[in-house]
Amino acid sequence: EQPNSDQVIADLGEAFINAFVDAVDGSRSDYVELRNWKPGWFPGFTQRFTANFLHERIWDRLIKAVTSFEGVHIVDREPVRELRSGTRYLIRIKRHHPGDRISAYPTESSSAFWSNSALMLEGLESFSLALGYMWDADIRAVGAAVLSFRDGKDHPIWAIQLHRDAAAPSGFTSAPI
């Protein structure tokens, strides 16, 4: 049975989700800092460069935060960068576009990763998740942290935005996209 967003949040745990939201928030600050440092460089930056910069910053911040978490395994062998949470979830960092599209080079392994409809043995299910951020291409800005579950890169089953909220018992809130 496919997991819903509440189940995934519970399975990943509050500490992991908070580390992820902090990584996105921190990368947004890093991006603004770079932009303020060299504003004349930005008109020449491609969307790909910007996406790569943000991916590097999110990855670095998240890995530093979760490296000691029990049950989290880090795979960092280019070109594959993913996290495994227990045996249930495989996680990659992705920029989310309007309509909850993500970009992924259409290789056979990428297609297999994002396909969550494969037959699995009961109790041995493994699901792929996209953690990332909403990207506003018009103003070239990082939006909210996003967690999505999909059946193929262009077919979201569900997606939620995650926001820091000190008043919430978990430290964050979530809302469907």
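Start with the packing: the largest nonpolar core has 40 residues, and Phe16, Leu83, Leu147 and Leu162 touch the most other members. Keep in mind that this is a predicted model.

| Element giving two or more residues to the core | Residues |
|---|---|
| helix H1 | 5-12 |
| helix H2 | 14-37 |
| helix H3 | 47-66 |
| strand S3 | 89-97 |
| strand S5 | 127-136 |
| strand S6 | 141-150 |
| strand S7 | 156-164 |

The top contributor is H2, which gives 9 residues to this core. There's also a second, separate core of 5 residues, with Ile102, Ala104, Phe113 and Ala130 among them.

Back to Leu162. Setting aside residues up to four places away in sequence, Leu162 touches Ile9, Ile17, Phe20, Val21, Ala144, Ala145, Leu147, Phe172, Thr173 and Ser174.

Beyond its neighbours within four places in sequence, asparagine 18 is in contact with Arg164, Ser170, Gly171 and Phe172. Asparagine 18 counts as buried because its relative accessible area is 15%, under the 20% cut-off.

Now for H3. Its 20 residues, at 1.5 Å a residue, should span 28 Å, and the end C-alpha atoms are 28 Å apart, so the two agree. The buried residues of H3 are Thr50, Ala51, Phe53, Leu54, Ile58, Trp59, Leu62, Ile63 and Val66. What do they pack against? Their partners are H2, strand S1 (72-77), strand S2 (80-85), S3, S5 and S6.

Definitions and conventions:
Residues are numbered from 1 along each chain as its sequence is written. This is a predicted model: local features need pLDDT of at least 70, side-chain atom pairs count only at pLDDT 80 or more; totals for chains, interfaces and linings use all residues. Side-chain values use heavy atoms; hydrogens and water are left out. Helices (H or I, at least four residues) and strands (E, at least two) are DSSP runs, numbered from the N terminus. Buried means under 20% relative accessible area, exposed over 50%, partly exposed in between (1.4 Å probe, protein chains only). Contact means heavy atoms within 4.5 Å. A nonpolar core is a set of buried Ala, Val, Leu, Ile, Met, Phe, Trp, Tyr and Cys residues joined through side-chain atoms within 4.5 Å. The expected span of a helix is 1.5 Å times one less than its number of residues.
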